[in-house]
Amino acid sequence: MTPPLFRLTAGGALDDGALADLYHVDGPVTRVNFVASVDGAVELDGFSEGLSGGPDKRVFALLRMLCDALVVGAGTLRHEGYRAVRLDERRRAWRRERGLSEYPTLVVVSSALDLNPGQAAFAEAPVRPIVVTHGRAPADRRRALSGVAEVLSVGHDTVDLTAAVARLRERDLAHLLCEGGPHLFGSLTAADLVDEVCLTVSPLVTGPGAGRITAGPAGPPRGMALRHVLESEGSLFLRYTRK
């Protein structure tokens with residue numbers, strides 16, 4: 001069956017309710033969301049922001065509304081300057097009506113714990129974040145972060161992502177949304193933890209230099225099923241799930 005093509009704007013525009021229905025999932029899921037250029041770049045001038053437009057930001061915000069926890073690597077948190085994960089009142093009301101907490105929990109994956117407790121993502125968070133690390137992470141950095149986040153150790157000298165996902169789900173964080181970066185995406189893929197990929201294809205050709213949306217350890221190819229295609233202002237929004 002050919003996946004449906006929807007339009008976010010113009011004729012047959014989708015409202016947020018219809019869009020949420022398209023991205024709805026039942027049960028535990030680890031979803032990855034990225035934007036890339038037509039020629040596969042993960043960034044423009046060093047930041048993913050340069051590839052994103054209004055429609056992508058709309059889907060980006062909606063996916064945050066749907067998830068229980070927002071998972072991000074420490075490098076991306078620092079480089080992209082993450083602020084506190086907040087939602088507007090309309091989206092908070094949508095979550096309350098469905099028995100969800102008003103805000104998703106921020107989960108940061110970090111081996112070295114090279115994180116600033118004063119960064120707004122921690123210091124201004126409406127829900128206490130979780131930092132996922134391993135047993136050999138620096139004790140002084142662990143203590144510094146414990147004032148603004150729960151520090152969760154999984155694995156002896158590297159982060160055990162399979163165990164981390166299990167521990168998060170023990171906390172009723174079943175729907176995980178990963179926003180990167182590429183090394184975390186690659187590690188999740190290598191551990192066979194990626195259930196769904198949401199990819200925005202930005203209508204830009206950026207030329208050589210930028211990396212791909214995935215990096216890190218190699219693993220066998222995995223087949224994915226295309227569930228829908230959306231289009232707005234030249235951008236495509238692709239949703240793939242496990243076959």
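**Cysteines, salt bridges and cores in a predicted model**

User: How many disulfides does the structure hold?

Analyst: The structure holds zero disulfides, where a disulfide is a pair of cysteine sulfur atoms within 2.5 Å. This is a predicted model, in which local features need pLDDT of at least 70 and side-chain atom pairs count only at pLDDT 80 or more, while totals for chains, interfaces and linings use all residues. Residues are numbered from 1 along each chain as its sequence is written, and side-chain values use heavy atoms, with hydrogens and water left out.

User: Is Cys-67 buried or exposed?

Analyst: Cys-67 is buried, with a relative accessible area of 0%, and Cys-198 is buried as well, at 2%. Buried means under 20% relative accessible area, exposed means over 50%, and partly exposed is in between, using a 1.4 Å probe and protein chains only.

User: Switching to charges, how many salt bridges are there?

Analyst: There are 19 salt bridges in the structure, each being a side-chain nitrogen of Lys or Arg within 4 Å of a carboxyl oxygen of Asp or Glu. One of them links Glu-196 with Arg-31, whose closest N and O atoms are 2.7 Å apart.

User: How many residues are in the largest nonpolar core?

Analyst: The largest nonpolar core has 32 residues, and Tyr-23, Leu-77 and Val-108 have the most contacts inside it. Such a core is a set of buried Ala, Val, Leu, Ile, Met, Phe, Trp, Tyr and Cys residues joined through side-chain atoms within 4.5 Å. Several elements supply at least two residues each, including α1 (16-23), β3 (69-73) and β4 (105-109), while the largest share, five residues, comes from α2.

User: What is Val-108 in contact with?

Analyst: Leaving aside neighbours within four places in sequence, Val-108 is in contact with residues including Val-72, Leu-77, Phe-122 and Ile-130, where contact means heavy atoms within 4.5 Å. There is also a second, separate core of 31 residues, which includes Val-132, Val-165, Leu-193 and Leu-199.

User: How do strands β5 and β6 run, parallel or antiparallel?

Analyst: Strand β5 (residues 130-133) and strand β6 (residues 150-153) run parallel, joined by four bridges, and strands pair if DSSP finds at least two bridges between them. Ile-130 has Glu-150 as its bridge partner in β6. The chain crosses from β5 through helix α6 (residues 139-146) to β6 in a right-handed β-α-β crossover, which means that, with the strands pointing away from the viewer, the path from the first strand over the helix to the second runs clockwise.
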